[in-house]
Amino acid sequence: MKKTFEFLKNLRKNNNREWFAGHKTEYDSIVKENKVFFNKIYAELQESDSLKGIHIFRIYRDVRFSKDQTPYKTNFGAGYSRSKPMLRGGYYIQLEPGNSFVGGGFWGPEAKDLLRIRKEFEISTTEIEKITSDKTFVKYFGSLHGDSVKTAPRGFDKDHPAIDLIRKKQFVVMRKFTDQEVLSDDFQKETVLTLLAMRPFFDYMSEVLTTDLNGEPLF
């Protein structure tokens, strides 16, 4: 990871096409190394999960609708999706000097899935609170994160005891890593352990999204 971080630090200072073109050979070499790392993580996850695939994100930014016109991202990232429809949730790894993290969850649930989750929390939050208060979950992620709507969604009581959960439109977890931690020999191991710590959360949400409010299977 040392070469990756050195390249990204230099790219941050020289985020232009001329500099990138002059360092394309270096970039290509680093991409190959990162693919090896991301694929090792994929293989380890597959031993205990069923993944649909791996998506390694391109470094090129889409600047068509952005005020920031720098052409390149200053990070390398990869996402891993589980095999739908029975398994839900997605894993994500980002490598960036000063901003590396391992995360996952539900970034943009479809409207019907979001409603189903909210309805579940309206009925009971016992299971999700048990998961998010577990010592392993707290150790790795602290708490459940994600953007929320400003007020109660349509059809929900603004005074409901679980309104903070019901207002959420994203359900994500994240563990940040220092540069020193990323560069250590234990980073791959810690990455896998972090991803595996999401499983109780993912498995619960998968059960919710594959059953109706009576607990009957949808598939």
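Helix H1 passes helix H3 in a left-handed crossing, and left-handed here means that the near helix is turned anticlockwise from the far one by less than a right angle. Helices are DSSP runs of H or I with at least four residues, strands are runs of E with at least two, and both are numbered from the N terminus. This is a predicted model, in which local features need pLDDT of at least 70 and side-chain atom pairs count only at pLDDT 80 or more, while totals for chains, interfaces and linings use all residues. Residues are numbered from 1 along each chain as its sequence is written, and side-chain values use heavy atoms, with hydrogens and water left out.

Back to the two helices. The axes of H1, residues 2-13, and H3, residues 24-46, come within 10 Å and cross at roughly 135 degrees. Axes are lines fitted to C-alpha atoms, for helices over the stretch in contact, with angles from 0 to 180 degrees between N-to-C directions. That makes H1 oblique to H3; angles under 35 degrees count as roughly parallel, over 145 as roughly antiparallel, 65 to 115 as roughly perpendicular and the rest as oblique.

Which residues meet there? From H1 they are Lys3, Thr4 and Phe7, and from H3 they are Glu26, Tyr27, Ile30, Glu33 and Asn34. Contact means heavy atoms within 4.5 Å.

Take threonine 4, in helix H1. Is threonine 4 buried or exposed? Threonine 4 counts as buried because its relative accessibility is 2%. Buried means under 20% relative accessible area, exposed over 50%, and partly exposed in between, with a 1.4 Å probe and protein chains only. Leaving out residues up to four places away in sequence, threonine 4 touches Ile30, Asn34 and Phe76. Its C-alpha atom is 9.1 Å from that of proline 97, 93 residues apart along the chain.

Now the cores. A nonpolar core is a set of buried Ala, Val, Leu, Ile, Met, Phe, Trp, Tyr and Cys residues joined through side-chain atoms within 4.5 Å. The largest one has 43 residues, and Tyr80, Ile93, Phe171 and Phe201 have the most contacts inside it. Helix H10, residues 199-209, gives the largest share of this core, six residues. Apart from it lies another core, of eleven residues, including Trp19, Val31, Tyr72 and Phe76.

Finally, the whole chain. The protein chain has ten helices and five strands. Of its 219 residues, 44% are buried. Its C-alpha atoms fill a box of roughly 60 × 40 × 30 Å along the principal axes.
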